[in-house]
Amino acid sequence: MRVGMLTGGGDCPGLNAVIRAAVRKGIQHYGDEFVGFMEGWRGVLDDVTMPLTLETTSGILHRGGTILRSSRTNVKKIPGGFEKCLEVIQKHKLDALIALGGDDTQSISLALAERGLKCVGVPKTVDNDLSGTDACFGFDTAVSIATEAVDRLHSTAEAHNRVMVVEVMGRDAGWIAVTSGIAGGADVILVPEVPIDIDEVCRLVTYRREHGKLFSIVVVAEGATFPGGEQESHGTNVDSFGHVRLSGIGQVLAEEIEKRTKYETRSVNLGHTQRGGTPTAYDRMLATRYGVAAIDLLHAGKSSRLVVLRGTEITDIPLADAIAKTRTVGEDLLAVIKGLQPPPPAV
Ligand code: F6P
């Protein structure tokens with residue numbers, strides 16, 4: 001089988017591990033040949049490729065980023081884009097395509113599958129918000145980085161009696177905020193799923209001061225909003241999928257907390273640090289399992305499927321189901337956060 005592969009959307013640690021695993025299994029067990037498209041769908045449209053062999057995929061397991069590079073190219077926005085993609089895929093005599101990406105990337109795979117191309121997807125996003133899977137690779141690494149940052153901020157917050165607000169990634173879902181916040185012992189955790197109640201935030205910060213602790217840590221997801229408010233963004237430009245660049249809720253929140261409580265407050269935006277560098281052992285393992293499963297699926301004759309993790313098992317679901325909705329943080333985890341905080345005073 002001749003198989004094309006690409007990585008689309010924001011990068012995340014573990015992409016190289018998926019590429020390596022699919023190529024190794026494909027070449028060594030099925031006699032496959034691989035073509036790597038550079039920079040996501042842009043590489044397919046412009047026919048920019050690199051060979052994916054045992055040699056070119058050697059030594060990349062532990063490396064962050066992606067040897068195929070990435071972009072947020074939206075084929076739907078390009079007149080004749082799908083026809084062009086199919087032409088290039090035909091030129092390379094490909095039997096199938098494996099796309100590593102989140103919902104935007106997978107929506108293009110689905111559209112190509114509807115035009116007759118065999119496509120299999122691998123779920124990738126540090127936000128961990130693709131539905132149908134219990135985990136996307138890259139998330140564990142992002143959480144480790146964010147948790148270490150929260151740990152480190154404790155000592156400087158304590159030294160200065162400050163409130164530290166830590167902004168983490170999470171556009172529509174607060175998985176990184178909740179996990180790093182709980183693991184790092186944050187006093188307040190704010191997510192896109194629940195509008196920010198600023199009175200409650202200040203009550204929690206003040207409560208700590210009144211109970212012997214002279215500093216506080218607040219973790220906020222970049223996509224969190226005040227009731228009825230817009231998400232904070234860096235300018236109004238949108239990418240080709242219509243997303244603005246989120247940034248700034250941490251600073252806005254820090255100013256509001258300081259104004260209301262009079263406690264000195266600082267904000268830190270962890271930004272792309274969370275997506276950089278070497279993947280954790282968990283992400284390398286998950287990514288490798290996904291890579292092997294993706295090539296096995298194609299050889300089992302399946303198409304328009306996404307490999308997913310359910311419990312501890314790797315299985316697959318229709319691509320359409322994965323992009324239908326965002327997987328948000330559930331009430332169970334929100335209840336854990338509440339359980340660690342002092343309840344609101346009875347009225
Ligand atoms: O979709 C994953 C994500 O990391 C979001 O959390 C974040 O808003 C966005 O990508 C950042 O995108 P970019 O790398 O294009 O700035």
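Modeller: A salt bridge here is a side-chain nitrogen of Lys or Arg within 4 Å of a carboxyl oxygen of Asp or Glu. Keep in mind that this is a predicted model.

Start with R260. R260 forms a salt bridge with D199, and their closest N and O atoms are 2.8 Å apart. That falls within the 4 Å cut-off. R260 sits in helix α8 (residues 249-261), while D199 sits in helix α7 (residues 198-210), so the pair ties together parts 61 residues apart in sequence. How accessible are the two partners? R260 is partly exposed, at 43% relative accessibility. D199 is exposed, at 53%.

Now stay in helix α8. K259 and E256 also meet through their side chains in a salt bridge, 3.7 Å from N to O. These two residues are three apart in helix α8, which means about one helical turn separates them. K259 is exposed, with 53% relative accessibility.

The two pairs belong together. D199, E256, K259 and R260 are linked in a network of salt bridges. The K259 and E256 pair lies in helix α8.

Next, a pair in another helix. E148 forms a salt bridge with R152, with the closest N and O atoms 2.6 Å apart. Both belong to helix α5 (residues 139-159); they are four residues apart, so about one helical turn lies between them. E148 is partly exposed, with a relative accessible area of 42%. R152 is exposed, at 58%.

For contrast, turn to a strand. Strand β4 (residues 96-101) is mostly covered, with six of its six residues buried. A96, I98 and L100 point one way; L97, A99 and G101 point the other way; all are buried. What does β4 pair with? Strand β1 (residues 2-7) pairs with β4 in the parallel sense, over five bridges. There, L100 is the bridge partner of T7. Strand β5 (residues 118-123) also runs parallel to β4, joined by six bridges. In β5, V122 stands opposite L100. From β4 the chain passes through helix α4 (residues 103-114) to β5, and this β-α-β crossover is right-handed.

How values were computed: Residues are numbered from 1 along each chain as its sequence is written. This is a predicted model: local features need pLDDT of at least 70, side-chain atom pairs count only at pLDDT 80 or more; totals for chains, interfaces and linings use all residues. Side-chain values use heavy atoms; hydrogens and water are left out. Buried means under 20% relative accessible area, exposed over 50%, partly exposed in between (1.4 Å probe, protein chains only). Two strands pair if DSSP finds at least two bridges between them. A crossover is right-handed if, with the strands pointing away from the viewer, the path from the first strand over the helix to the second runs clockwise.
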